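Dear colleague,

Please find below the structure that I promised to hand over, together with its sequence. The notes that follow set out what was found in it.

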Amino acid sequence: MNAAERRTKITHLLAQANGPLSATALATQCGVSRQIIVGDVALLRAGGLAVLATPRGYILENTSAPACAERHIVSHHDNSRMLEELYTVVDLGGAVIDVTVEHAVYGQICAPLHIFSRYDADAFNEKIQQSGSRPLSNLTGGIHLHTIRATDEKTLERVIQGLKDKGFLLLEDN
């Protein structure tokens, strides 16, 4: 299979996947190295394909998703409460789309999370633990932003109230 055929196969595999596919999994299916897949995905992105990298692998952005409610929130907590924050969002019907921090040198640093369930939250937490990495919020003393998404405004309000009740939200009066 040549490079163009491989990128077509990667696009097809991502389109048919029920969840994220790691570069390693794609490499196995295409018979190449993980690094070749990383390069292919970069070329696909440059060509306009909306491929998102999540902590569990690549997904295609769903541009035809139904309308939903979305809000940016400012959160503040230490590492010991990260999983509780993620669980709160997904248990109340929301999703954590990304995390953003304000860095003194780089400005805004934003990373996609795409956490829709406890399974996703656990996988993200496990990846942090296994890699020895730390959450981006460590750069800012625990202050970070999330894009929170839900199917409707009522669900989104329930998620935000749950985060507020547990003391996760940084509010103007804090």
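A term is needed before the findings: a pocket is an open set of grid points where a 1.4 Å probe fits, with protein on both sides within 12 Å along at least five of seven lines. Please also keep in mind that this is a predicted model.

**The second largest pocket**

The space in the second largest pocket comes to about 420 Å³. Its lining is made up of 23 residues, and nearest the centre lie P55, A111, L113, F124 and I128. Two or more lining residues come from each of these elements: strand β1 (51–54), helix α4, strand β5 (107–115), helix α5 and strand β6 (143–150). Sorted by class, the lining holds 13 nonpolar, seven polar and three charged residues.

**The chain as a whole**

The protein chain contains six helices and six strands. Their order along the sequence is α-α-α-β-β-β-α-β-β-α-β-α. The C-alpha trace spans about 60 × 35 × 30 Å along its principal axes.

**How helices α4 and α5 pack**

Two packed helices are described by the angle between their axes and the distance between the axes. Helix α4 covers residues 82–91 and helix α5 covers residues 118–131; the angle between them is about 160°, and their axes are 9 Å apart. Angles over 145 degrees count as roughly antiparallel, and α4 and α5 are therefore roughly antiparallel to each other. The crossing in which α4 passes α5 is right-handed.

Which residues of α4 and α5 meet? From α4 they are M82, L83, L86, Y87, V90 and D91, and from α5 they are R118, A121, D122, F124, N125 and I128. This contact comprises eight nonpolar, one polar and three charged residues. Two of the α5 residues in the contact, F124 and I128, are also among the residues nearest the centre of the second largest pocket.

**How helices α4 and α6 pack**

Helix α4 also packs with helix α6 (residues 153–165), at an angle of about 150° and with the axes 8 Å apart. That angle makes α4 roughly antiparallel to α6. The crossing of α4 and α6 is right-handed. Here E85, T88 and V89 of α4 meet V159, G162 and L163 of α6. By class, the contact has three nonpolar, two polar and one charged residues.

**How helices α2 and α3 pack**

Another pair is formed by helix α2 (residues 23–30) and helix α3 (residues 34–46), with an angle of about 105° and axes 8 Å apart. Angles of 65 to 115 degrees count as roughly perpendicular, so α2 is roughly perpendicular to α3. In this contact A23, T24, L26, A27 and C30 of α2 meet R34, I37 and V38 of α3. Six of these residues are nonpolar, one is polar and one is charged.

Yours sincerely,
A colleague

Methods:
Residues are numbered from 1 along each chain as its sequence is written. This is a predicted model: local features need pLDDT of at least 70, side-chain atom pairs count only at pLDDT 80 or more; totals for chains, interfaces and linings use all residues. Side-chain values use heavy atoms; hydrogens and water are left out. Axes are lines fitted to C-alpha atoms, for helices over the stretch in contact, and angles run from 0 to 180 degrees between N-to-C directions. Helices (H or I, at least four residues) and strands (E, at least two) are DSSP runs, numbered from the N terminus. Angles under 35 degrees count as roughly parallel, over 145 as roughly antiparallel, 65 to 115 as roughly perpendicular and the rest as oblique. A crossing is left-handed if the near helix is turned anticlockwise from the far one by less than a right angle, and right-handed if clockwise. Contact means heavy atoms within 4.5 Å. Ala, Val, Leu, Ile, Met, Phe, Trp, Tyr, Cys and Pro count as nonpolar, Asp, Glu, Lys and Arg as charged, and the others, Gly among them, as polar. On a 1 Å grid over the protein atoms alone, a cavity is a set of points where a 1.4 Å probe fits but cannot get out, and a pocket is an open set with protein on both sides within 12 Å along at least five of seven lines; lining residues have an atom within 4 Å of a point. Grid points are joined across faces, edges and corners, and a volume is the space filled by probe spheres set on the points.
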